[in-house]
Every structure is written in C-alpha cells, then in structure tokens.
Amino acid sequence: MGKISLNTGYCKSCGLCIRACTRGALSISGKTNEKGYRVIAADDMKCVGCGLCYTVCPDYVFTIEDQTGSEWTV
Amino acid sequence: MAMTKKIPDTIKGANTFCPGCGHGVVVRLIAEALEELGHADDAICAVAVGCSCLVNVALGIDKIGCPHGRASACAAGIKRVRPGNLVFSYQGDGDSLSIGLAETVYSAQRNEKFTQIIVNNGVFGMTGGQASPCTLIGQKTTTTVDGRSVNMSGVPLDIMKMFGQIESVAYLARGSVHDAQNILNTKRYIKKAFEAQMAGAGFSCVEILSPCPTNWHMEPVDSMERIAGVVSAYYPIGEIVTGGGLNA
C-alpha cells in the first residue's frame, strides 16, 4: 500500500484528481489555502496508493510513498 | 500494488498556470523524463512567449527566453554550438504555429537536432483567448465570435501532417493530457524524442493536446472531456514517426 500526502498549498481546486480517482477517496474540503482555493482532502481509508491523482494533477499536490518496501516507479 | 510517486527535484515549486491548465502536467513530465534520462543537469530549454513562458516558474533547469515564435530557431542555434546538451523548445500552438511557423517548419526541414515541445490548446491563452491556427471549426474565441469558419479562417493546422512529409525527421508524436493513460503515454513520447535527439538521429517533436479551461470557458473536467471527444478526433493521438532520421 502507498501512503498519500498532500501539499494543499499548491492546490487550485480544479477537481481533475477527483475525476481520476477510482476509489472515491478525494473530495473538495471546506478548507481554503493561501491562494484562496478550496483544497482537496484525501480519505486514507479509501486510498489504495495507486497514484492516479499524482499523474493527473497539474499542480504537484500529491506524493505517494510506498510502504511495502518495493521501489519501482511509473 | 504500491509505488512511490513524488514530484521531481527539478520542479522548483508551485506553478502559476490557471487551474486545470495542462501545462503543469507537461512541465512535470518533462522534468521526470530529464531526470530519468540523466539530463536534468545539462538540459537547455528555449522558452517561448505566451502561457508557455510560465515554465520559467516551475522548471529548474537552464533556460533562455526567446522572441515570440522564435524559440525553435533559438533552440536550433543552441544545439549547433552545444551538441552535447539536451536542447528543447517549449512552445504553445500560437507561438510555434502562427507567429513562429516559419521557424518551426524550417527547423524540421533543416533537420535541426533538437526536440520541439508544442503544447496545443487551440487558442492564444495569455492574451485573452484569440483564435490560433489550431482552433477547431466552429470553436468560439474572442476573434471568432460566431465560431471559426473554413470560409474565413481555413482549416485547423495539423503540424504532424506537415512534419510527416519531411523524410529526415527522427521522431514525431502527438500526446494528450486528458487522462492518466494518455499522460503516461505522453511521457513515453517525450522520453523517446529526447533519446532520438541525443542519439543524433535528427529533429524530433512532440505535440501535446492540452486544455485551456479559462479561455474555453469550461470547467477543467469538462475541458478534458472536450479533448477526449472533439479535439482528439481532429488531431489523432499517437506516434507518427519512430526510428526515423539519420540512423534509420
């Protein structure tokens, strides 16, 4: 499994990660960042660490850290 | 299945593109490709004018700002004097295919051995959404308020078809950023173009279909659906030339 972490300061609330996520783990939160955008929040219980959010995000918000010990990347 | 995915070190920080703009993804793909190929330290980017110039903010490699439309001419010159460096131009469709069409075509025709990255969103984005040569028929912009017509503006320019007629071109591909699969494919295209360049094979170009939600007046998600539908129907996605050039 991978652990998802978010740099919400970079988020522009475009919603492309929500469209890409097949697990329904992402949503727009009620929090606003310094730029004034309502930022993304992740549900750790639903996230499987597939990295689709990382792939589609134009704003470098997501990091997926492997917690199984393997180090292959896509 | 688990994997590590983190932003490349070559990305300096947040970008300043509009929300949902595809440029941010393309810049990250270039950074990933450069690091994986071991060229992050010797790459030189010829930066165009327009939204594409905002690559300056996020991408931490050597870059040079070029006159409008002339990034491919600058890249050609840089590559000629520094053939050991990985050189690429980063341009939009307005810069490379309208103002700089001559430089673009003659870079390919002269077989200049750099890589041209063209981010095609079908409009002049930074100046307010005017029509570009790549604006689709019927598309409304600030200069085609009733929609682009063939009678007034001709048909949209397919640069891959033009390049495809030049036999010396080493690598040509058209990618897209409208979904994860196409983003991963586009990264592969960029890497293959860079590899062709460093092998000395000849001119290489990757055109990338990208949304402009701001000037298309659409939500980012809807912009991606437009690319998946009407835009990619006119501009087919995939590799056009592989293994071409001097080593063919």
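A salt bridge is here a side-chain nitrogen of Lys or Arg within 4 Å of a carboxyl oxygen of Asp or Glu. By this criterion, one salt bridge is counted between chain B and chain A in the structure, which is a predicted model. The pair consists of E225(B) and R19(A), whose side chains meet at 3.0 Å, N to O.

On the side of chain B that touches chain A, the elements giving two or more residues are α1 (23–37), α8 and α10 of chain B. Of these, α1(B) supplies the largest share, five residues. By residue type, this side of chain B divides into 20 nonpolar, seven polar and seven charged residues. The contact as a whole takes in 34 residues from chain B and 31 residues from chain A. The size of an interface is often given as the accessible area lost when the parts come together. For chain B and chain A the buried area is about 2800 Å², and carbon and sulfur atoms give 59% of this area.

R19(A) is also among the residues touched by H178(B); when residues up to four places away in sequence are not counted, the others are M224(B), I227(B), A228(B) and I237(B). H178(B) is placed in the loop between β7 (171–176) and α8 (180–198) of chain B. H178(B) counts as buried because its relative accessibility, 7%, falls under the 20% limit. Two polar contacts of its side chain are found within chain B. One joins the side chain of H178(B) to that of S176(B) at 2.6 Å, and another joins the side chain of H178(B) to that of D179(B) at 3.4 Å.

Within α5(B), the residues E103(B), T104(B), S107(B) and A108(B) are buried. These residues lie on the same side of α5(B), because they cover an arc of only 130° around the axis. The elements against which the buried residues of α5(B) pack are α3 (71–81), α4 (93–99), β4 and α7 (159–164), which belong to chain B.

After α5(B) comes N111(B), with a positive phi near 60°. N111(B) is not a glycine, and its place is in the loop that runs between α5 (101–109) and β4 (115–120) of chain B. The relative accessibility of N111(B) is 8%, so this residue counts as buried. A positive phi is also found at H217(B), a residue other than glycine, where the value is near 55°. H217(B) belongs to the loop between α9 (213–216) and α10 (220–234) of chain B. Whereas N111(B) is buried, H217(B) is exposed, with a relative accessible area of 68%.

A further loop position is that of A40(B), between α1 and β1 (43–47) of chain B. With neighbours within four places in sequence left aside, A40(B) is in contact with T10(B), L34(B), E35(B) and I61(B). A40(B) and S153(B) are separated by 113 residues in sequence, and the distance between them in space is 41 Å, C-alpha to C-alpha.

Technical notes: Residues numbered from 1 in each chain as written. Chains lettered and ligands numbered in written order. Predicted model: local features only at pLDDT ≥ 70, side-chain atom pairs only at ≥ 80, totals over all residues. Heavy atoms only, no water. Helix = DSSP H or I, 4+ residues; strand = E, 2+ residues; numbered from the N terminus. Buried < 20%, exposed > 50% of the residue type's maximum accessible area, 1.4 Å probe, protein only. Polar contact = N/O pair within 3.5 Å; in protein donor to acceptor, adjacent residues only side chain to side chain. Contact = heavy atoms within 4.5 Å. Arc of directions from axis to C-beta. Buried area = accessible area lost by both parts, 1.4 Å probe. Nonpolar A, V, L, I, M, F, W, Y, C, P; charged D, E, K, R; others polar.
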